Amino acid sequence: MTNHVLIFDTTLRDGEQSPGATMTHAEKLEIASLLDEMGVDIIEAGFPIASEGDFNAVSEIAKNAVNSTICGLSRANFKDIDRCWEAVKHAKSPRIHTFIGTSPLHRAIPNLTQDEMAERIHDCVTHARNLCDNVQWSSMDATRTEEDYLCRTVEIAIKAGATTINIPDTVGYTAPRESADLIKMLIERVPGADEVIFATHCHNDLGMATANSLAAVEGGARQIECTINGLGERAGNTALEEVVMAMKVRHDIMPYQTKIDTTKIMNISRRVATVSGFNVQFNKAIVGKNAFAHESGIHQDGMLKNAETFEIMRPADVGLSETSLVMGKHSGRAALRSKLEELGFTLGDNELMDVFVRFKELADRKKEVFEDDLIALMRTNDAEDDHLRLKSLTVVCGTEGPQTAEMTMTVGGEDKSIKTTGDGPVDAAFSAVKALFPHAARLQLYQVHAVTEGTDAQATVSVRMEEEGRIATGQSADTDTVVASAKAYINALNRLIVRRAQTDVGYDEKAVSYKDAGE
Ligand code: KIV
Ligand code: ZN
């Protein structure tokens with residue numbers, strides 16, 4: 001058996017499915033291109049049947065991909081599979097991924113007997129295989145499926161032509177030894193198992209996703225499904241950076257290779273955090289702000305004598321630059337471009353001009369602009385297709401009320417203005433947004449953080465909104481906390497508008513007949 005482990009990244013599918021992590025079309029294309037560049041073998045680019053937006057994103061990612069295989073997800077019915085194929089077929093190397101929940105709890109949802117489900121797996125994998133010669137089958141909730149029945153579903157999928165068999169731990173229930181044993185058991189028992197690649201897909205509900213994925217590799221899996229920063233439903237998926245670095249740093253006991261260029265990890269991590277609105281926790285393994293920080297005196301002393309005292313990998317291995325170049329108002333466009341590239345932001349000339357103007361404004365207000373300021377600045381980069389944009393905001397606040405906000409906002413290309421009052425300046429500004437763009441979305445979270453130290457620091461504001469079960473997060477940064485708040489609120493609304501266009505198809509399989517074809 002080869003020691004090469006394929007990396008299957010599902011940031012754009014399982015990750016984006018996470019409530020509030022909605023990405024725009026342009027953001028999805030950008031993340032896909034970074035994944036392709038960093039050496040990801042397979043990119044799961046989306047769930048094409050879910051919406052026009054998902055379909056278009058998968059199609060375009062498929063057209064642009066240079067090295068990676070492009071995969072789309074489809075439930076086990078012909079209509080989903082046809083739609084998936086229509087989207088991925090443009091790729092140099094396309095893959096159809098189809099699945100159904102095989103555990104007793106999941107079988108109960110479409111109310112299928114074991115035999116009925118077996119027939120459906122056969123028909124759907126055969127149908128997919130007639131369209132594409134690279135087909136992945138997933139027995140969803142495999143870790144809670146009866147062993148005998150799991151073997152049966154896998155055997156049927158292999159016989160019908162599946163080339164990759166995924167064994168998902170859908171609810172993050174398994175543990176490392178069990179994860180390894182399950183793959184080993186399938187490889188030993190299922191006829192034809194040696195002709196396919198087994199994949200592991202773990203969720204992190206008990207914090208064991210990385211350990212379970214690595215254990216599955218020891219059991220014989222040769223594809224790990226993961227996401228950048230561990231983004232994903234509930235507690236997330238296996239983090240790409242963790243499994244890749246674990247196999248690199250502990251190659252002595254896990255002698256497996258991947259094609260990932262690990263020096264690209266930090267950049268893509270920052271980009272995914274920015275576009276998904278999910279900040280990385282400070283103490284997150286590999287990509288957290290503190291992952292390479294040594295503040296305690298004992299540690300600093302040891303580090304000065306020999307970095308290996310407290311470091312098992314070098315910051316440069318994951319693309320962290322050791323110097324944190326500080327920029328100021330005299331820094332030019334070339335310096336800004338080079339610093340942003342180092343931070344993972346590759347900008348076209350027009351975009352750079354726009355960012356440069358905002359950088360100069362910031363540098364006028366702040367003596368020194370740190371890396372974190374630039375990252376925050378990039379978070380406030382409006383997308384071209386944003387429905388709502390803040391044009392101007394003036395607030396009056398202080399001990400002598402009333403607090404008022406005067407705002408002009410562009411709504412679908414048209415400028416609208418209003419003056420409102422509120423209980424404090426942020427409330428007044430939010431009321432103005434609501435008056436200019438009436439909506440029923442509920443504010444679930446409002447958080448303010450200082451990006452750096454000092455009273456001239458930028459404030460990063462995060463906002464989470466909920467509307468009929470749809471969740472969207474928004475972020476912005478500014479040295480003016482109220483402006484950052486209004487922009488974050490508007491950013492969340494823009495993402496909610498994108499979310500409204502997506503149909504929540506979910507995993508529920510009550511299709512009239514799974515053989516109904518797509519148009
Ligand atoms: O967690 C899961 O089981 C999934 C499947 C669709 C593969 O994401
Ligand atoms: Zn999943």
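A: A polar contact is a pair of N or O atoms within 3.5 Å; within protein, one must be able to donate a hydrogen and the other to accept it, and residues adjacent in sequence count only if both atoms are side-chain atoms. Here, the side chain of Asp 14 has an N or O atom 3.1 Å from an oxygen atom of ligand 1. The model is predicted, so local features need pLDDT of at least 70, side-chain atom pairs count only at pLDDT 80 or more, and totals for chains, interfaces and linings use all residues. Residues are numbered from 1 along each chain as its sequence is written, chains are lettered from A and ligands numbered from 1 in the order written, and side-chain values use heavy atoms, without hydrogens and water.

Q: Which residues are closest to ligand 1?
A: Being near means having a heavy atom within 4 Å. Twelve residues surround ligand 1, and the closest include Arg 13 and His 203.

Q: How do strands of a sheet pair?
A: Strands of a sheet pair through backbone hydrogen bonds, either parallel or antiparallel. Two strands count as paired if DSSP finds at least two bridges between them; strands are DSSP runs of at least two residues (E), numbered from the N terminus. In this model, E12-E13-E14 is the order of an open, antiparallel sheet. Its edge strands are E12 (442-450) and E14 (470-478). E12 and E13 (residues 459-467) share eight bridges, and Leu 445 has Arg 464 as its bridge partner in E13.

Key. Helices (H or I, at least four residues) and strands (E, at least two) are DSSP runs, numbered from the N terminus.
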